[in-house]
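Dear colleague,

I am passing on the structure that we talked about, and below it I have written out what was found. Please keep in mind while reading that it is a predicted model.

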Amino acid sequence: MPVPIGLSTASVWPLRAGAGFELAHRLGYDGVEVMVWVDPLSQDVGALRRLSRETGVRVLSVHSPSLLITQRVWSPDPVVRLRRSVEAAIELDARTVVVHPPFRWQRRYGDMFADLVAELEDETGVEIAVENMFKVRPPGGRRDARVSAFRPSIDPTEVGYRHYTLDLSHSAAAGMDAMDLADRMGPGLTHVHLADGTGVPKDEHLVPGRGTQPCAELLEKLVAASFTGQVVLEVNTRRAVSAADRARDLAEALLFARFHLGQ
């Protein structure tokens, strides 16, 4: 069965989630990943369900509100946010919830995170795929200074989870070898955020093929390994000067994925 290729609704920012569903339908994506964030539509599971039905675009995955700007979406409690994300995935018939590791200052959540993830997976059957991250420059720090904001680190394989999301823009920003990271994730690699980066220490989310990451090699490796997970394009189009430019970038990204997945 072909690997499903989805479009993250974050790829149409600053447009709302509805535009992601519509573009996914028009361009021929297999589904979407809903990025739950400050967009009110992304937080409304009933509205998302109706949108999925109206466009014929299924929800493949739900990205839990793990960003700094979403720390109060659904609840200020990260445990509640993760539980709500799993509930949303169930309601939307999505297989996967993507989540970031805890921030360093979330001590209680960090202490219980691995057990919570395992408990929720056991209870629901939803795959909770923990994502690799990257270091950031501290406020007021030197230009070359970088620290991890995540606990215990930016590499989720240091803890060990059943399921992982490999984000190639994040691996580029972190200076990590994406192919080595994929090997460490092993059979737990069930979700890919496909995007490119040039290796500068910031999250670029370029159209795959426009940076230096082994996007093609990773997809071909997945095919050879009979990958049964999902690939989601999480591409930054905020600089698109027109709707046509945005659609062209996302069409190119889809074509890249289909070609290198042998579709």
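**The largest pocket**

The largest pocket in this predicted model holds about 1,200 Å³ of space. It is lined by 41 residues, and those closest to its centre are Leu-67, Phe-134, Asp-203, His-205 and Arg-238. When the residues of this lining are divided by kind, 19 are nonpolar, nine are polar and 13 are charged. As background, a probe the size of a water molecule, rolled over the atoms, shows where empty space is left.

**Backbone features**

Another cis peptide bond, with an omega of about 0°, links Arg-151 to Pro-152, and Pro-152 is placed in the loop between β5 (127–131) and β6 (164–167).

Which residues have a positive phi without being glycine? One of them is Trp-74, with a phi of about 70°, which lies in the loop between β3 (59–63) and α4 (78–91). Trp-74 counts as buried because its relative accessibility is 16%, and buried means under 20%. Ser-226 also has a positive phi, near 55°, and is found in the loop between α8 (215–224) and β8 (230–233). Ser-226 counts as exposed because its relative accessibility is 58%, and exposed means over 50%.

With best wishes

How values were computed. Residues numbered from 1 in each chain as written. Predicted model: local features only at pLDDT ≥ 70, side-chain atom pairs only at ≥ 80, totals over all residues. Heavy atoms only, no water. 1 Å grid on protein atoms, 1.4 Å probe; cavity = no way out; pocket = protein on both sides within 12 Å on 5 of 7 lines; lining within 4 Å. Points joined across faces, edges and corners; volume = space filled by probe spheres on them. Nonpolar A, V, L, I, M, F, W, Y, C, P; charged D, E, K, R; others polar. Helix = DSSP H or I, 4+ residues; strand = E, 2+ residues; numbered from the N terminus. Buried < 20%, exposed > 50% of the residue type's maximum accessible area, 1.4 Å probe, protein only.
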